[in-house]
Each structure stands twice: as C-alpha cells, then as structure tokens.
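Please open the model in your viewer and keep the selection tool at hand. The stops below tell you what to select next and what is there.

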Amino acid sequence: MARSVTRRHAEALHETLILIDGHNDHFMLKFARGEPYRFMKVHRRYHSDGPRLLKGGMTASFFMVGGHALDRSVALIERAHREIEDHPESLMLVTRTGDIRKAKRTGRLGVMLSWESGLALGNSLDVLHAAYRLGVRASTLTHNEGGTAFALQGTPSPFRYLTPRQRTAARRTAKGLTATGRDVVKEMNRMGMLVDVAHANDAAVEDIVELTSKPVVSTHGGVFACCPHARCSTDDQIRAIAATGGLLSIAFYDGFIAKPPAKATIDGIVDQIAHVADLVGIDHVGIGTDFDGLSDGVWPVVRTADRLPRLTEAMVRRGLSDAEIRKVWGGNYLRVLKATIG
Ligand SMILES: [Zn+2]
C-alpha cells in the first residue's frame with residue numbers, strides 16, 4: 001500500500017519536473033562505432049536514444065560532441081545539428097537557459113552540446129569561439145590527458161580506486177592547468193560557456209575553482225566519501241565547487257557509485273545526493289547520467305533512459321521533498337546555466 005502511494009506520488013511529480021542531464025555520450029559512441037545516428041529510433045544496444053529519453057521525462061541533455069580531434073569534433077557537431085533539423089517535432093537545440101523551458105513546454109528533448117577535452121583547441125582561443133558559434137555550451141579541460149601536446153593540464157588524471165592517503169600523495173605530484181588552460185577557463189567565463197571540472201586532476205580542479213568567476217560543475221562524477229574512485233569529488237572539492245555557486249552531478253556509472261565487489265544500486269545514487277546535500281546543501285547537486293559513455297557491456301545503475309522515474313521514486317522513498325527533488329533533477333542546473341550560458 002505505502003509503496004504504491006509512493007510510486008503514484010513519484011510518477012505524478014516526475015511528469016511536472018524539468019530534468020537536465022550533465023552528460024550523455026550517445027552521439028559520440030555511435031560516431032565512434034561508425035553507425036548512423038538515427039537518434040529518434042529505439043536502439044536497445046544503447047542506454048539511451050531520443051524516444052526513450054523522452055519517455056523517461058528528460059527535458060535537456062548535454063551531449064558530448066568531441067573535444068579531442070578538431071576534424072572529428074566538427075563532424076560530430078554537424079551530425080548533431082542535422083539530427084535536430086530532421087526531427088523538429090521531437091528535438092530542439094538549446095543554447096540558452098530559456099530554451100530548456102521551451103523544450104518542456106513543447107514536449108521536446110533539448111539538445112545541448114558539450115566538449116570533453118581541450119585538445120581540439122590546439123591552444124587556440126579562436127577555436128573555442130568557433131565551437132561556441134556552433135552551439136557548444138560546456139566543456140571539460142581534459143579527458144584525463146595531461147602533459148602532452150595541447151593538453152590543458154600538466155599531468156594526466158588518475159583513473160582508479162585509491163585510498164584518501166594515496167589521493168593526497170597523487171595530488172602532491174599532480175600538475176594543474178597549463179597557461180593556456182588558465183586562459184581557456186577565463187575565456188569560457190567571459191563568453192558564456194559552462195566550465196566542467198570532470199576528469200581534471202586534483203591540482204587542476206584547485207586551479208579551476210580558484211580562477212573561475214562563474215559557477216563550475218562536474219557534469220558526471222560522484223562522491224569520493226561514498227565511493228573511493230579518483231573520478232569522484234572529495235568533500236573539499238565539493239565545498240569548493242559549491243562556493244563557486246556550482247554543482248556536482250552524480251553519474252549512473254556503477255563504478256562511481258560503489259567499489260566492487262560492493263553492488264551499486266539506485267539507493268546508492270540517492271546516498272551520494274544526500275551526502276552532497278548534508279555537506280553543502282541541496283542546491284549543489286544534480287544528475288549526469290553518462291548514458292552510453294561506459295565501456296562495452298557495462299550497464300548503468302539506472303539501466304536505460306526510459307527508467308528515469310525510478311530515481312525520482314527512490315528520492316521520494318528517501319524522504320526528499322518535492323522541492324528538493326525538483327532542484328536535484330533540473331532546478332539547480334537551471335540556476336547554474338542562467339549564471340553561465342545566459
Ligand atoms: Zn567522461
């Protein structure tokens with residue numbers, strides 16, 4: 001009885017929510033596999049696609065469209081634009097925060113474009129401006145790379161489980177942003193592109209939060225205190241991100257929710273949301289599914305995009321208020337995007 005009341009409440013609430021996703025790799029994965037997008041067809045091999053994102057109630061997602069090689073990035077962006085143009089009834093490009101409300105009003109999925117690495121810039125801020133003109137509104141500074149040609153941080157980011165002591169030791173030898181990396185952060189602030197600390201090493205995260213004049217986010221990450229992976233944010237980093245006015249988006253990747261052999265669950269996602277809320281308040285946490293961004297054969301904790309209401313139900317069951325759930329799913333991102341992309 002109680003369970004079905006909870007479910008009905010969650011379903012009714014979910015319908016009214018604006019859902020914003022910090023990171024989806026669907027376009028990139030299909031491009032890497034050499035498959036046509038056909039985004040508005042259901043693809044069961046994938047975690048997400050247009051129809052299932054819409055069914056799950058998604059309002060707007062940041063789709064990763066490159067950042068590594070410039071030619072591939074431009075091709076990815078072009079194909080994303082073509083998908084939007086081919087399906088005006090279902091999709092719309094989001095370049096400003098107001099577009100997200102329009103997507104909700106018109107029952108469409110808002111497509112936001114983001115880069116995941118600064119290698120494609122080739123140290124040129126002109127390329128950054130060109131990417132903005134093509135619709136890119138968020139970018140990380142790295143995709144773990146560092147110290148190589150055109151990398152924007154001095155050493156690579158670790159990608160493994162580590163103890164707090166090992167993490168502190170790794171921080172001591174890490175080199176943060178390069179001179180160009182610093183210029184990129186300042187220019188992103190100025191031009192209205194959201195700065196994403198995901199994948200940056202701990203020294204670079206410190207540099208970014210110190211340098212930025214606008215809120216920054218981690219578009220897809222986790223909480224180190226809950227799951228000791230180097231890609232998850234420490235409590236100090238969460239405080240620093242919150243101090244910029246930004247947020248940490250919790251990813252559905254099981255390896256960021258629980259360290260094997262512990263099993264990741266949807267309640268584990270809610271544990272991480274609750275941890276951030278206890279630490280810095282409910283205004284500084286969001287969602288970044290990382291759908292279609294995991295290694296082959298790995299399924300996220302919320303398995304597919306049509307199952308998003310299950311997370312809403314888990315939050316209701318945990319005792320989060322409707323207003324809190326509204327913030328986690330999209331309200332916080334609306335605030336951050338308003339302050340960054342406008
Ligand atoms: Zn990533």
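**Starting at a strand**

Select Ile287, which lies in strand β9 (residues 285-287); strands here are DSSP runs of E with at least two residues, helices are runs of H or I with at least four, and both are numbered from the N terminus. The model is a predicted one, in which local features need pLDDT of at least 70 and side-chain atom pairs count only at pLDDT 80 or more, while totals for chains, interfaces and linings use all residues. Residues are numbered from 1 along each chain as its sequence is written.

Is Ile287 buried or exposed? Ile287 counts as buried because it has 29 C-beta neighbours inside 10 Å; a residue is buried if 20 or more other C-beta atoms lie within 10 Å of its own, exposed if 12 or fewer, and partly exposed in between, with C-beta atoms placed from the backbone. Leaving aside neighbours within four places in sequence, Ile287 is in contact with Asp21, Gly22, Ser249, Ile250, Val328 and Trp329, where contact means that the C-beta atoms of two residues, placed from the backbone, lie within 7 Å.

**Helix α5**

Next, select helix α5 (residues 97-105), whose buried residues are Thr97, Ile100 and Ala103. They cover an arc of only 105° around the axis, which puts them on the same side of α5; the arc is that of the directions from the helix axis to the C-beta atoms. These buried residues of α5 pack against β1 (20-24), β2 (60-64), β3 (91-93), β4 (109-116) and α14 (322-340). Just after α5, look for Gly107, which takes a positive phi of about 65°.

Now show helix α8 (residues 179-191) together with helix α9 (residues 202-211), which pack at an angle of about 40° with their axes 10 Å apart. The axes are lines fitted to C-alpha atoms, for helices over the stretch in contact, and angles run from 0 to 180 degrees between N-to-C directions. That angle makes α8 oblique to α9, since angles under 35 degrees count as roughly parallel, over 145 as roughly antiparallel, 65 to 115 as roughly perpendicular and the rest as oblique. To see the contact itself, select Arg182, Val185 and Lys186 in α8, which meet Asp207, Ile208 and Leu211 in α9.

Keep α9 selected: seven of its 10 residues are buried, so α9 is largely enclosed by the rest of the structure. Among the elements that cover the buried residues of α9 are α7 (164-173), α8 and β7 (216-221).

On the α6 side, Leu125, Leu128, His129 and Tyr132 meet Asp183, Val184, Glu187 and Met191 of α8.

**Stops in the loops**

Move to the loop between α2 (26-32) and α3 (50-55), where Arg38 lies. Arg38 has a positive phi of about 35° although it is not a glycine, and it is partly exposed, with 13 other C-beta atoms within 10 Å. Phe150, found in the loop between β5 (136-140) and α7, also has a positive phi, near 70°, in a residue other than glycine.

Finally, select Pro260 and Pro261, which are joined by a cis peptide bond with omega of about 10°; Pro261 lies in the loop between α11 (254-257) and α12 (266-280).
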